[in-house]
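The following exercises are to be worked with the sequence and the structure at hand. Each task is followed by a solution in steps.

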Amino acid sequence: MLIGVLGAGTMGAGIAQVAAQNGHQVILVDTNDEQLQKAQKQLSDTMLRLIEKQKVTKEKSSAIQAAISYTTVLSDFAPCGLVIEAIVENLAVKHEVFSQLEKVVSDTCILASNTSSLSIASIGGVLKKANRVIGIHFFNPAPLMPLVEIIPAVQTENAILEQAVSLVKSWGKTVVVCKDTPGFIVNRVARPFYGEALRIYEEGIADFATIDWAMTEIGGFKMGPFTLMDYIGNDVNYAVTESVFEAFYYDPRFKPSFTQKRHKEAGYYGRKTGRGYYDYSEGAIIPTPTKDYVLGQQIVDRILAMLINEAYDAVFMQVATAEAVDLAMTKGVNYPKGLIEWSKEIGTKEILCRLEKLFLFYGEDRYRPNPLLRNNVFL
Ligand SMILES: NC(=O)c1ccc[n+]([C@@H]2O[C@H](COP(=O)([O-])OP(=O)(O)OC[C@H]3O[C@@H](n4cnc5c(N)ncnc54)[C@H](O)[C@@H]3O)[C@@H](O)[C@H]2O)c1
C-alpha cells in the first residue's frame with residue numbers, strides 16, 4: 001500500500017521512516033520545502049548511524065531512503081491507500097487540510113490523524129465520507145517508541161479500524177485501541193505523574209530533586225517527574241495538561257499547577273531553554289535530594305495511588321481494556337510496570353486506603369477513588 005504522510009516535522013518524518021522501513025513507498029508532503037530537506041537530511045544521518053552500528057545494511061538503507069518521495073504538492077497523495085496527517089495541533093488548520101485531502105484521494109483511502117489532543121470525531125466532522133477517519137497516534141520518536149494508540153471515532157467504520165490495526169501491527173508496533181476521549185490512554189493516565197508531583201512540591205512537602213529521587217530510586221521510574229517535564233518542555237507539557245483539563249469540563253483531577261504555569265511564563269521550558277525546574281547551564285550547581293527513605297516512600301505511594309486511580313478510571317469509562325492500559329503505559333512512556341498489574345501487586349485495598357486518606361484529608365474531588373477500584377476491593 002502506498003502511504004502518504006502530511007507534515008515533515010518531528011512526528012511526520014519519523015512516521016515516514018517507519019513506513020519506509022516496513023517496505024512501503026511513502027509520499028511525504030509539507031508546505032515548507034526547508035522542512036522537507038531537513039527531514040531528508042535527518043533520515044540520511046540516521047541511516048549512516050544505523051549502518052555504523054550494523055543495525056542496517058547499506059542496501060537496505062538506500063532502499064529505505066529511496067522509498068520516500070518529498071513533495072509540497074498535496075495532490076501527489078492521489079494514489080495513496082492511507083494518509084497520516086502530522087501537522088500543527090490546531091483544529092481549524094486540520095479541518096482545512098482534511099477537506100482538501102478528501103478532494104485529492106480516492107474514496108477508499110483511509111484518512112488518519114496523529115493528533116495528541118484533538119478529538120478524531122471533530123477532525124472527521126468536515127469529511128463527506130467520514131467513516132474512513134481514524135486516529136493513529138505515534139509516540140516520539142516514532143521509529144523507536146513501540147506504542148501506537150489507534151482511535152476509532154464515532155464515524156469510523158469497523159473495517160477501517162481492523163485495516164489500520166493490522167497494518168500498524170505489521171510494522172512491528174504494539175497497538176492499543178482506545179476510545180476517542182481526551183488524552184486517549186497515555187496522555188490521560190500519565191497526568192498525575194506530573195500533577196501530583198507538582199502538588200507535593202507546592203505544599204512544601206519536598207523539593208524537585210527529592211521528588212525526582214524518590215520516583216526513580218524508590219519508585220523505579222526511568223526519570224523523575226521534574227526531569228521529565230524539563231525534557232518534554234514545560235510549554236508543551238503545560239499545554240497538554242491545560243487542554244486535557246478543559247476537555248474534561250474542568251474536572252479537578254486534571255487541574256493544572258501554578259508552579260508549572262509560572263515556569264512556562266518565565267520561559268523556563270526545560271532543557272531546550274537551558275533552564276526549567278533545574279538549571280542546565282554549564283557549571284550550574286546540581287541540587288541534591290534529601291535522601292529520606294520514609295519521606296521518599298510517602299511521595300511514591302501518593303503519586304502511584306493517583307496514577308493507579310487514573311488507570312482504573314480509563315478502564316471503568318471503557319476508554320480501553322485493562323491490558324491495553326498496562327501496555328500503553330509500559331510501551332508508550334516506559335513505566336516500570338503496568339499500573340493495573342502494579343495495583344494487584346501492592347493490593348487494591350492498600351491503594352484504596354491511600355486514596356480514601358487523601359480524600360478525607362483534603363476534601364477535594366481530585367482524590368475521589370474510582371468505583372472500579374472500590375469494586376475490586378469489595379466484590
Ligand atoms: N511532538 C510530539 O512529541 C508528538 C507526539 C505525538 C503526537 N504529536 C502530534 O503530531 C502532530 C505534529 O506534531 P510535530 O511535533 O511533528 O509538529 P512539528 O511542528 O514538528 O511539525 C509540523 C509540520 O507540519 C507542517 N505543516 C504545517 N501546516 C501544514 C499544512 N497545512 N500542510 C502541510 N504541512 C504543514 C510544518 O511545516 C511542519 O513541518 C501534532 O498533531 C501533534 O499533536 C506530537
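**Exercise 1.** In which strand is Ile136 found? Determine also whether Ile136 is buried or exposed.

*Solution.* Two remarks on the source come first. The model is predicted: local features need pLDDT of at least 70, side-chain atom pairs count only at pLDDT 80 or more, and totals for chains, interfaces and linings use all residues. Residues are numbered from 1 along each chain as its sequence is written.

Step 1. Ile136 is found in strand E6 (residues 133-138); helices (H or I, at least four residues) and strands (E, at least two) are DSSP runs, numbered from the N terminus.

Step 2. Ile136 counts as buried because 25 other C-beta atoms lie within 10 Å. The classes are buried for 20 or more other C-beta atoms within 10 Å of a residue's own, exposed for 12 or fewer, and partly exposed in between, with C-beta atoms placed from the backbone.

Step 3. Leaving aside neighbours within four places in sequence, Ile136 is in contact with Ile84, Ala112, Asn114, Val148, Ile150, Ala164 and Val168. Contact requires C-beta atoms, placed from the backbone, within 7 Å.

Step 4. Pro152 is 16 residues from Ile136 along the chain, and their C-alpha atoms are separated by 8.9 Å.

**Exercise 2.** In what order do the eight strands of the open sheet lie? Describe the pairing of E2 with E3.

*Solution.* Step 1. The order is E3-E2-E1-E4-E5-E6-E7-E8, with mixed pairing; two strands pair if DSSP finds at least two bridges between them.

Step 1. E3 and E8 are the edge strands, each pairing on one side only.

Step 2. Strand E2 (residues 26-29) runs parallel to E3, and four bridges join them. Leu28 has Tyr70 as its bridge partner in E3, while Ile27 stands opposite Ser69.

Step 3. Strand E3 (residues 68-71) has Ile68 and Tyr70 on its covered face, and Ser69 and Thr71 on the uncovered one. In a regular strand the side chains alternate between the two faces of the sheet.

**Exercise 3.** Which residues are closest to the ligand? Characterise the shell around the ligand by element and by class.

*Solution.* Step 1. Of the 24 residues that surround the ligand, the closest are Gly7, Gly9, Thr10, Met11 and Asn140; a residue is near a molecule if its C-beta atom, placed from the backbone, lies within 6 Å of it.

Step 1. Helix H1 (10-21) and helix H4 (91-104) are the elements that give two or more residues to this shell. H1 provides the largest share, three residues.

Step 2. The shell has 11 nonpolar, 11 polar and two charged residues. Ala, Val, Leu, Ile, Met, Phe, Trp, Tyr, Cys and Pro count as nonpolar, Asp, Glu, Lys and Arg as charged, and the others, Gly among them, as polar.

Technical notes:
Contact = placed C-beta atoms within 7 Å.
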